[in-house]
Amino acid sequence: MIDLSRSPVGKIFRLEVILFAFVLNPLMKLSSALSAGDMEMARTQGLALAVYLILAWFTWRRQVVATWGASILMVVNGGLTVLNFGAAVILGKAFETPVSAPLYLLDLVIGLYFLYAGTVVFRQRPSWKRR
């Protein structure tokens, strides 16, 4: 695996930054749903925000099960975001309007970030051994 921790962008792959982005993702989706008036999506994102906050807190505290859960969620969400971009490109929806292209490319960057960040968190997981 490529080690980006020593590169100029290495600071965005520190655990605190990754967990902040992990919690920021459902927070932004919640604010988007509330501004659109979609209360069902807002309720779902509110629950996701609560779960992500709890997982991020316990991951930051180096709890093993929470670290596994957070890293799996990051990899799955990142992978699904990349697949969503691929499907939009294949179906021709990614570049229909001038506004949609940058948003889909941003989605691709976010998906790739969470794919890699999930593996970084997984590699930094604590062991099961007690001290």
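## Accessibility and the model

A residue counts as exposed when its relative accessible area is over 50%, as buried when that area is under 20%, and as partly exposed in between. Arginine 43, with a relative accessible area of 52%, is therefore exposed. The structure discussed here is a predicted model.

Across the chain, buried residues account for 32% of the 131 residues. The C-alpha atoms occupy a box of roughly 55 × 35 × 25 Å along the principal axes.

## Overall architecture

The chain contains 4 helices and 0 strands. Read from the N terminus, the order of elements is α-α-α-α. Helix α2 covers residues 39-60, while helix α3 spans residues 64-91 and helix α4 spans residues 100-123. Helix α1 takes up residues 15-36.

## Packing of α1 with α2

The axes of α1 and α2 lie 8 Å apart and meet at an angle of about 170°. Angles over 145 degrees count as roughly antiparallel, and α1 and α2 are therefore roughly antiparallel to each other. The crossing of α1 with α2 is left-handed. In the contact of α1 with α2, the residues comprise 19 nonpolar, 3 polar and 2 charged.

## Packing of α2 with α3

Helices α2 and α3 pack at an angle of about 125°, and their axes are 8 Å apart. This angle makes α2 oblique to α3. The crossing of α2 and α3 is left-handed.

The loop between α2 and α3 holds arginine 62. Most residues other than glycine have a negative phi. Arginine 62, although not a glycine, has a positive phi of about 65°. With a relative accessibility of 42%, arginine 62 counts as partly exposed.

## Packing of α3 with α4

For α3 and α4, the packing angle is about 155° and the axes are 7 Å apart. These two helices, α3 and α4, are therefore roughly antiparallel to each other. Their crossing, that of α3 and α4, is left-handed. The residues of the contact of α3 with α4 divide into 15 nonpolar, 9 polar and 1 charged.

Leucine 73 is a residue of helix α3. Its relative accessibility is 25%, so leucine 73 counts as partly exposed.

## The largest nonpolar core

The largest nonpolar core has 23 residues, of which Ile18, Phe22, Met74, Tyr113 and Phe114 touch the most other members. Two or more residues of this core come from each of α1, α2, α3 and α4. The greatest contribution to this core is that of α1, with 8 residues.

## Salt bridges

The model has 2 salt bridges, counted where a side-chain nitrogen of Lys or Arg lies within 4 Å of a carboxyl oxygen of Asp or Glu. One of them joins the side chains of arginine 14 and glutamate 16, with an N to O distance of 3.7 Å. Both partners count as partly exposed: arginine 14 has a relative accessibility of 44%, and glutamate 16 has one of 41%.

The side chains of arginine 43 and glutamate 40 also meet in a salt bridge, at 2.8 Å from N to O. Arginine 43 and glutamate 40 both belong to helix α2 and are 3 residues apart, about one turn of the helix. At 52% relative accessibility, arginine 43 is on the exposed side of the cut-off, which is over 50%. The C-alpha atoms of arginine 43 and alanine 33 are 8.9 Å apart in space, and the two residues are 10 residues apart in sequence.

Note on methods:
Residues are numbered from 1 along each chain as its sequence is written. This is a predicted model: local features need pLDDT of at least 70, side-chain atom pairs count only at pLDDT 80 or more; totals for chains, interfaces and linings use all residues. Side-chain values use heavy atoms; hydrogens and water are left out. Axes are lines fitted to C-alpha atoms, for helices over the stretch in contact, and angles run from 0 to 180 degrees between N-to-C directions. Angles under 35 degrees count as roughly parallel, over 145 as roughly antiparallel, 65 to 115 as roughly perpendicular and the rest as oblique. A crossing is left-handed if the near helix is turned anticlockwise from the far one by less than a right angle, and right-handed if clockwise. Ala, Val, Leu, Ile, Met, Phe, Trp, Tyr, Cys and Pro count as nonpolar, Asp, Glu, Lys and Arg as charged, and the others, Gly among them, as polar. Buried means under 20% relative accessible area, exposed over 50%, partly exposed in between (1.4 Å probe, protein chains only). A nonpolar core is a set of buried Ala, Val, Leu, Ile, Met, Phe, Trp, Tyr and Cys residues joined through side-chain atoms within 4.5 Å.
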